[in-house]
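User: Could you take a close look at how this chain is divided into domains, and at the place where two of them meet? A careful walk through that part would help me.

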Amino acid sequence: MIIFQPYGIKIKSYKKESILEIAGKAGIRINAVCGGRGLCGKCRVIIREGEVNLSKPTEAEKRALSEEDLKCGFRLACQARIEETGTVIVEVPPESQANKQKLLVKGMETHVKPKPAVKKIFVRLEKPSLQDNTADVDRLLEAIRSQTGLKVNVDYEIMKKIPHILRMSNWRVSVVVWKDKEMISIEQDSSPDMYGLAVDMGTTKMAGYIVDLRSGKVVGATSIVNPQIVYGEDVVSRIKFSEEGKLEVLRKCVINGINEMMGRICKDTKIPHERIYDMAVAGNTVMQHIFLGITPKYIAQAPYSAALQSSIDVKAREIGVEINPSAYVHVLPTIAGFVGGDTIADILATKIHEAEDVSMLIDIGTNTEIVLGDKKGLIACSCASGPAFEGSHIKCGMRALAGAIEHVWIEPGTFEVGYETIDDDKPRGLCGSAIVDVVAEMLKAGLIDSSGRFIMENETPRLRRNGEKVEFVIAWRDEASSAHDIVITQNDIREVQLAKAAIYAGTSILMRFLKIQPNDIQRMYLAGAFGNYIDPQNAKIIGMYPDLPLERVRFVGNVAGSGVRAALLSIDAREKAANLARKIEYVELAADPAFQSEFLKATYLPHKELWRFPNVTAMLNRTLR
Amino acid sequence: MPRKTIFIAKKVLLFKEVTCLMGKEDEIMDRLRDAIVNLDIDGVKKACKEAIEAGISAYKAITDGMAKGMEIVGEKYEKGEYFLAELMMAGEVMKEGVKILEPYLKRGEAKKIGKVVIGTVRGDLHDIGKNIVINLLEAAGFEVIDLGVDVPPERFVEAVKQNNPDIVGMSALLTTTMMEMKKVIDALKEAGLRDKVKIIIGGAPITPEFAEEIGADAASGDAVEAVSICKSWVERRRGI
C-alpha cells in the first residue's frame with residue numbers, strides 16, 4: 001500500500017509498478033515533463049517511510065539527484081518501483097505537484113491559536129422603569145461592565161443605533177467589542193458568528209481571505225490582479241504616478257480591489273459584510289502607504305525613509321473598505337522602506353523568529369526580500385531583482401495564466417524540449433517557473449556556458465540567429481497558440497542573470513553580516529506569489545540561492561497570506577509583529593561596499609566562484625559529460 | 001584554440017617576406033588585443049612587457065593594441081556575447097596593461113584624451129552601472145573624477161568649477177530620482193557652466209527623449225555606448 005502525502009490518499013499497489021503510475025491511479029498528478037523516462041527530474045518525491053520496499057536508485061536517479069538528496073529520501077517517482085509488499089509513505093513536494101489550478105492564495109498553513117482582537121458578547125439588560133430610567137447607552141455599558149468587567153467606549157455611529165436596537169431586541173443584544181475597549185457593533189440577534197478579512201496586497205497581485213475568527217478556519221479565498229497595475233508595473237513607477245497628484249487614484253484602486261474580492265467571497269459564502277468585524281492587511285511599505293493615503297514619495301529617495309513604520313488601526317469607514325463600517329483595519333508594521341508588512345507576515349507564517357536553527361527566507365518578486373537569522377535575531381534586506389521571474393522583460397514571457405508554459409525540460413544531446421502548460425492549453429508564452437527551468441536546463445544541456453552565453457557550436461535547428469541576436473526555440477509556432485515560435489533570447493538569459501545575481505548577492509551579504517556559512521542554514525524558505533511553483537533544484541542550479549541540500553529547501557508559495565491571517569486571528573501575533581518590526585536589523589545593500597563585486601560575480605551561472613556551489617558543480621559536471 | 005594557431009602560423013610565414021622585427025611587432029600587437037578580448041590579465045602583462053622590450057612605442061601598444069581589444073569587447077557586449085562582468089573585467093585588464101606601459105609614454109602622449117566628472121544623482125545610491133562606465137572610460141584613456149553616489153547638484157557644480165572637465169556624466173536607477181538630473185543641469189546653467197561641458201546621462205529609466213526634455217546632450221543605453229559617445233565628443237573637439 002502507498003500513502004500519498006499531503007493528500008492523505010491511500011492506494012493499493014502492485015509489484016513493479018512505479019510510484020508515478022500508482023499516483024496516476026490515485027488521481028494524483030505528478031509533473032513528468034519527459035514522460036516518465038527518468039530524464040527531466042521533475043517528478044521528485046520524498047519517501048518518508050518504507051524505502052526498503054522500493055527498488056534501488058537507478059542511474060537516472062543518480063544523475064538527477066545528489067547523493068545527499070538520495071540519502072534524505074528523495075527519489076524520482078517514475079523510477080522508484082515497488083519491490084516488496086508493505087507500506088510506503090510518499091510525500092509529493094509542492095514543486096512536483098501538477099494540480100493544474102495552482103492558486104496563488106495557497107500558502108503554507110500556519111497553526112495559530114485564535115485570539116482575535118474582537119469579542120462578541122451577548123448582553124441582557126434590565127428594562128428601564130420609572131424607578132430606573134438610566135439612559136440607554138449608560139445602561140448598556142453598565143450591563144457590559146457588570147457582565148464581563150470590561151469598561152468600553154462606544155463608536156459614535158453605533159451610539160446612534162443603540163436606543164432603537166435595544167427596544168427592537170427586547171433588551172437582549174449582541175455587542176462586538178474591539179480590543180476590550182470599544183464597542184463596534186450592536187445586533188438584535190444572538191448569532192455568535194464573527195468573521196475577519198485578511199488581505200495580502202502585492203504590487204502585482206492581491207489575495208483576500210475571509211476567516212472564521214472563532215475557529216481560525218479560512219472560509220473563502222480569492223485573488224485578483226492589483227488594479228493599480230495600469231499605472232505602472234513596479235512600486236517606483238507607482239510612486240512616480242502618486243507624485244503627480246494621483247495618490248488618491250491609486251488608493252481608490254486598491255480599496256476597490258479589496259472590496260471586489262470581499263464581495264466575491266461574501267457572495268459565495270453568504271456571509272453578510274457587517275459580520276466582518278476585523279481586518280488585517282499587509283503589503284510592501286509603498287503599498288501600505290498608498291493604502292493609507294500617505295505619500296510614499298520619500299521612500300524612493302535615499303536615505304529611503306518611510307512615513308510610518310509601526311502598525312496602525314484605522315476605522316474601516318475612513319479607509320473605505322466595506323466590512324462592518326465601525327470595525328478597525330489593522331495595517332501591519334514594516335521593517336524599512338523596501339521591506340514591508342508582507343515580510344513581517346512571511347516571518348510570522350514561517351516562524352523563523354522562533355527557530356533554534358538558522359533559517360533564510362527569500363520572498364521573490366520585483367523586489368525580493370531576504371531575511372536571515374534565528375530566534376536570537378534576524379536581519380533583512382531588499383534586492384531590486386526586477387520582474388523577470390514574473391515573466392516581464394522576457395521576450396515570450398507572460399504571467400502564470402492558462403497556456404503559460406510552467407515547466408521545461410531539455411534533453412541533453414538531442415536538445416529536444418519537453419514542457420507543460422497551465423491548464424494543458426496550447427503554449428502561449430513562458431511564466432516565471434519556466435524561465436528558471438529554461439536557463440537551468442540550457443546550462444545542464446551545455447547550450448549556454450557559465451557566463452550565460454549561447455554556445456553556437458551546438459547543432460540543433462532550435463538554436464538560431466535572428467539578425468544579430470541569438471535565440472533558442474522552446475515551442476514551434478505550429479504547436480503553440482501564437483503566431484511566432486516561443487523562444488528564449490540571449491537578452492532573456494541576461495535578464496535572468498541580473499535578477500538572480502541581485503538575489504544571490506543579497507543572500508551573500510546577509511550571510512557575511514552574520515558571519516555564517518551557507519551550510520549553517522538549516523532551513524531555506526522560498527516564497528513568492530508567482531501563482532506557480534519554481535523548481536527549487538533549478539533555482540539552485542542557476543545560483544539564485546546558496547548551494548544547500550534540497551531537503552532543507554521548501555517552496556512555500558504565497559506565505560505572506562498565511563502571515564496576515566495569523567495577524568488577523570491573534571493579537572499575540574500582532575504583538576510579535578510589532579516586536580519584529582522594532583528588532584529586525586535592516587541592511588541597505590546599495591550602501592554595502594561589497595555589493596558590486598558580489599553582484600557581478602553572481603551574474604555567472606551558478607557563480608563565478610564555483611567553490612560556492614560544490615553540489616551544483618558536481619551535478620553539472622555529471623550531466624555535461 | 002586552433003584558429004589562433006593558424007593565425008600565428010600565418011604570421012610566421014610573414015616572417016620571410018617582411019623584416020623579422022615587423023613580424024614580431026605585429027604578433028605582440030595581436031596578442032595585446034587578444035589578451036584583452038580573452039580577459040587574460042597575465043597575458044596582457046606579459047605582452048606589455050614584451051612590447052617594451054621589443055621597442056614598440058607604449059602609445060602604440062595602448063591605442064593600436066589593447067584599445068582594439070576593447071573595441072572588440074564592446075562589440076561582443078552589444079551582440080550579447082559578453083555580459084557586465086566581462087565588460088568590467090576587460091576594463092580591469094586594460095588598466096593593468098596601461099599601468100605597465102604608462103612610465104614609457106612620451107611627453108604629450110601621457111595626456112588623457114578627455115576629462116569626465118561623473119556621479120549618481122541625489123537620492124540614488126545605485127552605482128554599479130556608473131562604475132562600469134568609469135572603468136571603461138578610464139580604459140579608453142579618459143581622466144575620470146568620480147563624485148560617488150547621492151550627489152547633490154551643488155557638488156556637481158563645484159566639481160565642474162574645480163576640474164574644468166569636457167564632460168559631465170550623471171546616473172540614476174530610479175524613476176523617482178531621475179528628475180534630479182534636471183536640477184543639476186539647471187544649477188550648471190545658473191553657474192554659467194552649462195556651455196563649457198557636454199552632458200551625458202544614463203541609467204535604467206533614461207531615454208533619449210528624457211535627455212532632450214531636460215536639456216542633456218545625450219542619453220546612453222549602456223556603458224559601451226556611453227564611452228563611444230564621450231569619445232566622439234572629445235575627438236570632435238580636438239578636430240576643431
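Analyst: In this predicted model, chain A is divided into domain 1 (2–96), domain 2 (118–187), domain 3 (195–331), domain 4 (357–386 + 500–624) and domain 5 (388–496).

Where the two domains touch, domain 4 of chain A contributes 19 residues to the contact and domain 5 of chain A contributes 22 residues. On the domain 4 side, the elements that give two or more residues to this contact are α13 (536–541) and α17 (614–624) of chain A. Sorted by class, that side of domain 4 holds 11 nonpolar, six polar and two charged residues.

For another part of the chain, consider a sheet in chain A, where five strands form an open arrangement in the order β2-β1-β5-β3-β4, with mixed pairing. Its edge strands are β2 (9–11) and β4 (74–76) of chain A, each of which pairs on one side only. Neighbouring strands of this sheet are turned against each other by 35 degrees on average, direction ignored. One bridge can be found by residue, as A:Arg44 has A:Leu76 in β4(A) as its bridge partner.

Definitions and conventions. Residues numbered from 1 in each chain as written. Chains lettered and ligands numbered in written order. Predicted model: local features only at pLDDT ≥ 70, side-chain atom pairs only at ≥ 80, totals over all residues. Domains from an automatic or database assignment. Contact = placed C-beta atoms within 7 Å. Helix = DSSP H or I, 4+ residues; strand = E, 2+ residues; numbered from the N terminus. Nonpolar A, V, L, I, M, F, W, Y, C, P; charged D, E, K, R; others polar. Pairing = 2+ DSSP bridges. Axes fitted to C-alpha atoms, helices over the stretch in contact; angles between N-to-C directions.
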